[in-house]
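Biologist: I have the chain open on my side. Can you walk me through it while I look?

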Amino acid sequence: MDQRTALDRLTIGIAEIEKKTKPWERREDYFRGDQDDPYAPQGVNEEYQELQDQAKANVLEIAMRAPIQRIAVDGFTRGSATKQEPDKAFWRDVWQANKLDRQQRKIYEPMMVHDMGLTGVWMNQANKKRPIVRVENGKRVHLELDPQDPTRILWAVKTYTERLRMPTSIALPAGVNISSSRQFGWVYDDGTWSRWIRENGAGSWKFDADGTHDLEDVPFVPYSLNDDADGKLHPSITPLMPQQDALNTIRFNTLLAMQFSAYRQRVFVGYDPVLKDETGQILWQRNSDNTIRLDAQGQPMPMLSTPGRVGVDRALVFPGADTKVFDLAESNLKNYIDVFDSFLTTFFATGHIPPQYQLNKMANLSGDAMAGAESTLQALIDDIQQATGESHEQMAILAARAAGEDTADVASEVIWGDGEVRSFAQVVDAVVKLISIGFPRRSAFEMIPGATQTKVETWMDQLAEESDDALLSGLLRPVAGRPQEAGDAAVGS
């Protein structure tokens with residue numbers, strides 16, 4: 001890749017990154033709970049604005065995290081189509097060495113929110129057998145897909161900014177510039193890389209360095225769930241964002257009703273509290289110098305009569321035959337709650353979230369009923385595992401190339417942890433029955449909830465030790481029970 005080609009690709013990549021930044025940040029804000037205010041008429045006061053803040057309830061986070069909370073890699077296998085064995089070396093030198101047990105959540109979360117989880121694979125100069133696998137921020141990376149084959153990446157651009165010092169407000173002489181930050185731009189293809197720099201994130205890019213790599217592919221692996229045949233991404237959160245706005249608006253309207261009409265209101269009509277003299281003239285409040293007292297708007301303040309304070313042991317007396325007192329009933333908030341529940345059910349159904357995430361929708365359900373309620377979520381989990389499994393396997397191939405290994409049979413299958421809800425007693429009963437009919441013990445142990453490759457290996461070793469002990473005991477038992485002969489006594493003496 002020559003410098004001119006690299007610069008052209010860098011320019012295109014930076015433009016694409018800037019283009020997707022705004023919608024990316026909006027989706028991220030909604031996922032984190034920083035959402036638009038519920039609809040309210042213009043000119044509302046601070047009291048309304050406070051209720052708008054209180055009305056926001058972030059259920060998007062539940063919908064996005066519910067399926068990935070059930071997903072975790074427990075191991076990898078490699079081998080031929082007829083024989084698969086646990087890949088202990090990859091698990092130790094790549095997965096565990098890069099702390100991917102914890103980092104994998106950072107792959108699946110942006111895959112749900114932005115349809116773009118991303119890992120980068122790099123050669124480790126300090127220890128070649130342990131390549132570096134790093135979770136990347138898809139917001140700062142552009143992958144250029146092959147128009148004829150969108151599953152193939154032609155080249156990639158990655159950018160990030162390094163802060164050098166705090167910006168200064170000191171006036172500098174003409175022609176003198178002090179860089180407060182430095183933006184890096186990296187361009188990769190299937191065999192080379194090129195690095196460019198520009199100061200303070202503006203101006204022209206300047207070539208810095210270039211080189212080659214042995215990965216035989218672009219060193220990025222995308223994780224997407226809803227990409228179409230053209231490679232276009234369709235984030236799972238996008239159709240749920242308008243529904244989140246609707247839920248916030250319903251909560252806002254409910255809070256308004258609670259604040260202003262949820263209590264019984266007492267109404268007085270036909271009562272004039274302004275005091276008048278015998279001639280019908282209004283009596284005005286006066287200051288100490290006998291001048292008429294004015295209010296904040298400069299209007300004269302009349303003298304008022306009060307009916308008294310309301311109490312169980314007090315009576316209210318109003319002058320005038322036209323005075324009437326009556327009540328306005330409180331608002332019925334049940335209608336608001338019913339509408340909110342209906343919208344929330346639709347929201348969860350759209351996001352493939354089972355009803356037990358709404359606690360008021362589940363009561364006294366059996367294990368079979370719970371499993372049936374989870375069927376839609378489990379189908380989504382299966383889709384996620386299928387999509388991410390292919391990407392994990394591609395990542396394993398790149399890691400093997402970075403370590404200088406043969407990639408013919410690398411990570412041919414991902415072993416997923418069992419995230420499905422089951423009764424432990426039912427699982428154990430099923431495992432015992434399978435073993436009793438000759439089912440392989442290792443495969444049966446892998447079905448136990450929480451089983452990992454390490455645990456299964458430990459159980460198999462313990463089972464072998466116990467079998468050896470039982471066999472040895474069986475062999476020694478006849479010897480211990482045989483009568484001692486003269487020759488035996490002579491040898492032992």
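Biologist: Which way do E1 and E13 run, and how many bridges join them?
Modeller: This is a predicted model. In it, strand E1 (residues 73–79) and E13 run antiparallel, joined by four bridges.

Biologist: Which residue stands opposite Val-414?
Modeller: Phe-76 stands opposite Val-414 in E13.

Biologist: And which residues are on the covered face of E13?
Modeller: Val-414 and Trp-416 make up the covered face of strand E13 (residues 413–416). Glu-413 and Ile-415 are on the uncovered one.

Biologist: Switching to the open sheet. What is the strand order?
Modeller: The order is E4-E3-E10, three strands with antiparallel pairing. Strand E4 (132–135) and strand E10 (220–223) are the edge strands, each pairing on one side only. On average, neighbouring strands of this sheet are turned by 20 degrees against each other, direction ignored.

Biologist: How many bridges between E3 and E10?
Modeller: Four, in the antiparallel sense, with E3 covering residues 117–122. Gly-120 stands opposite Phe-220 in E10.

Biologist: Which helix lies across E3, E4 and E10?
Modeller: H10 does, and it runs at about 170 degrees to E10.

Biologist: Now the packing. Which residues touch the most other members in the largest nonpolar core?
Modeller: Met-64, Val-73, Phe-347 and Met-395, out of 48 residues in that core. Helix H10 (residues 375–402) gives the most to this core, with nine residues.

Biologist: What is Phe-347 in contact with, leaving aside its neighbours within four places in sequence?
Modeller: Phe-347 is in contact with Val-59, Leu-60, Ala-63, Leu-240, Gln-243, Gln-244 and Leu-247.

Biologist: Last topic, H1 and H3. At what angle do the axes cross?
Modeller: The axes of helix H1 (residues 3–32) and helix H3 (residues 60–68) cross at roughly 95 degrees and come within 7 Å. An angle of 65 to 115 degrees counts as roughly perpendicular, so H1 and H3 are roughly perpendicular to each other.

Biologist: Which residues make the contact?
Modeller: From H1, Tyr-30, Phe-31 and Arg-32; from H3, Leu-60, Glu-61, Met-64 and Arg-65.

Biologist: How many of those are charged?
Modeller: Three are charged, four are nonpolar and none is polar. Met-64, on the H3 side of that contact, is also one of the residues that touch the most other members in the largest nonpolar core.

Note on methods: Residues are numbered from 1 along each chain as its sequence is written. This is a predicted model: local features need pLDDT of at least 70, side-chain atom pairs count only at pLDDT 80 or more; totals for chains, interfaces and linings use all residues. Side-chain values use heavy atoms; hydrogens and water are left out. Axes are lines fitted to C-alpha atoms, for helices over the stretch in contact, and angles run from 0 to 180 degrees between N-to-C directions. Helices (H or I, at least four residues) and strands (E, at least two) are DSSP runs, numbered from the N terminus. Angles under 35 degrees count as roughly parallel, over 145 as roughly antiparallel, 65 to 115 as roughly perpendicular and the rest as oblique. Contact means heavy atoms within 4.5 Å. Ala, Val, Leu, Ile, Met, Phe, Trp, Tyr, Cys and Pro count as nonpolar, Asp, Glu, Lys and Arg as charged, and the others, Gly among them, as polar. A nonpolar core is a set of buried Ala, Val, Leu, Ile, Met, Phe, Trp, Tyr and Cys residues joined through side-chain atoms within 4.5 Å. Buried means under 20% relative accessible area, exposed over 50%, partly exposed in between (1.4 Å probe, protein chains only). Two strands pair if DSSP finds at least two bridges between them.
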